[in-house]
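Subject: Structure handover

Hello,

Here is the structure for your files.

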Amino acid sequence: MKLMKGVLLVNLGSPDSTNPKDVKKYLDEFLMDPRVIDVPYWARVLLVRGIILNTRPKKSAAAYKKIWWDEGSPLIVISERLQNKIQQKTTLPVALAMRYGSMTIKKGMEELIEKGVKEILVIPLYPQFAMATTETISVKIEEIKKAHFPEVEIATLPPFYNNPEYIEVLSNSISSAMHEKQYDHLLFSYHGVPERHIKKSDITHSHCAIDDNCCKVKSPAHNYCYRHQCLETTRLVVEKLKLKEGSYSTSFQSRLGFDPWLQPYTDRTIERLGNAGVKKLAIVTPAFVSDCLETLEEIAMEGKEIFEEVNGKEYLTIPCLNDRDDWCDLLTDWIETWRIVDTKTAIA
């Protein structure tokens with residue numbers, strides 16, 4: 001007997017409002033996740049609750065106010081639009097949840113189970129694997145399943161950073177945003193992670209050197225290497241768009257604290273490009289599929305300020321895939337493929 005299937009889309013999350021109290025509550029849950037700040041619990045409490053949460057919520061609340069929509073958090077609104085479009089294309093029930101915030105994964109699973117679902121396809125809305133994104137979702141799903149829904153079967157969509165259909169959709173979105181306009185440079189900016197996350201995720205315990213070569217040498221470590229997967233996304237898009245050497249580069253944004261994070265850093269790369277004479281710069285953020293604080297404020301606003309300070313003239317932030325029709329179609333295709341097969345893992 002086949003079990004009734006359903007789909008759970010999972011994104012990062014957002015504060016309920018731009019009120020500093022709501023932002024503080026959200027940041028506490030987010031930053032206290034041991035896969036986000038991976039230090040011993042006592043040190044995490046000291047750092048997050050003793051230092052960060054005493055200063056950052058007001059600053060973050062001000063940043064959220066800059067990008068907040070009338071309908072609410074852009075990330076939430078965009079994710080809901082994506083969910084609704086996919087629901088119109090499939091007969092399977094589709095729910096939406098966030099890893100952090102009030103739209104919890106438990107609520108999303110309950111919504112599906114109340115409809116009779118016994119087998120759930122979890123779709124983490126991240127192209128690449130990372131401890132702080134896909135891994136923490138998987139861990140949370142398993143924790144909730146064990147505690148509340150042990151009878152439910154779970155399948156998970158794996159990282160799709162190198163899926164040819166995804167690369168085509170991403171490449172098309174870049175092309176359409178640039179409107180055939182001649183930009184001097186295209187910057188691929190990915191969310192940064194501490195270098196220690198890369199080494200912790202290395203299943204070989206020896207491959208990841210975080211240099212110019214390790215990501216190019218074939219290894220099982222690449223299945224869990226965020227850096228490799230980001231660089232591979234760039235390489236495949238560059239190949240698809242036939243970009244010339246020197247007309248593009250890759251960087252990493254949103255670093256926190258003083259530990260070494262993946263480099264080069266986006267803010268310094270923007271500054272370097274401007275100082276090198278780049279006048280027309282386009283930036284795409286392929287670690288995200290939905291526009292959010294990091295894309296709408298950090299990249300679109302702060303990045304533009306940096307570029308203009310070094311005499312840049314034209315600055316284009318390319319939107320995330322959001323609820324583009326071809327992106328919705330692709331996700332639906334993956335869902336329908338899973339619907340007709342029996343497998344613990346959905347193959348994108």
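The notes below cover the sheet, a helix pair, the nonpolar cores and a few backbone details.

This is a predicted model, numbered from 1 along each chain as its sequence is written. Local features need pLDDT of at least 70, side-chain atom pairs count only at pLDDT 80 or more, totals for chains, interfaces and linings use all residues, and side-chain values use heavy atoms, with hydrogens and water left out.

The sheet

Four strands make an open sheet with parallel pairing, in the order β2-β1-β3-β4. Helices (H or I, at least four residues) and strands (E, at least two) are DSSP runs numbered from the N terminus, and two strands pair if DSSP finds at least two bridges between them. At the edges are β2 (94–100) and β4 (153–156), each of which pairs on one side only. From one strand to the next the twist averages 30°; axes are lines fitted to C-alpha atoms, for helices over the stretch in contact, and angles run from 0 to 180 degrees between N-to-C directions. Six bridges join β1 (residues 5–13) to β2 in the parallel sense. Gly13 has Tyr100 in β2 as its bridge partner.

Two helices go with these strands. Helix α1 (residues 20–31) packs on the sheet and touches β1 and β2, with its direction at about 85° to that of β2. Contact here means heavy atoms within 4.5 Å. Helix α5 (residues 105–113) lies across β1, β2, β3 (119–124) and β4, and runs at about 165° to β2.

The α10/α11 pair

Helix α10 (residues 266–275) and helix α11 (residues 293–309) have axes that come within 9 Å and cross at roughly 35°. On the α10 side the contact involves Thr266, Asp267, Ile270, Glu271 and Gly274, which meet Ile299, Gly303, Ile306 and Phe307 of α11. Sorted by class, the contact has four nonpolar, three polar and two charged residues. In that sorting Ala, Val, Leu, Ile, Met, Phe, Trp, Tyr, Cys and Pro count as nonpolar, Asp, Glu, Lys and Arg as charged, and the others, Gly among them, as polar.

Thr269 also lies in α10. Thr269 counts as buried because its relative accessibility is 3%; buried means under 20% relative accessible area, exposed over 50%, and partly exposed in between (1.4 Å probe, protein chains only). Not counting residues up to four places away in sequence, Thr269 touches Leu187, Ser249, Ser251 and Pro264. Pro264 itself is in the loop between β6 (248–253) and α10, and the peptide bond from Gln263 to Pro264 is cis, with omega near 5°.

Nonpolar cores

A nonpolar core is a set of buried Ala, Val, Leu, Ile, Met, Phe, Trp, Tyr and Cys residues joined through side-chain atoms within 4.5 Å. The largest has 95 residues, and Leu8, Tyr226 and Trp327 touch the most other members. Beyond its neighbours within four places in sequence, Trp327 has contacts that include Leu82, Phe160, Tyr166 and Trp334.

Positive phi

His205 is not a glycine but has a positive phi of about 60°. His205 sits in the loop between α8 (195–200) and α9 (226–241) and is exposed, at 70% relative accessible area. Asn311, also not a glycine, has a positive phi of about 70°. Asn311 belongs to the loop between α11 and β8 (314–317) and is partly exposed, at 48%.

Regards
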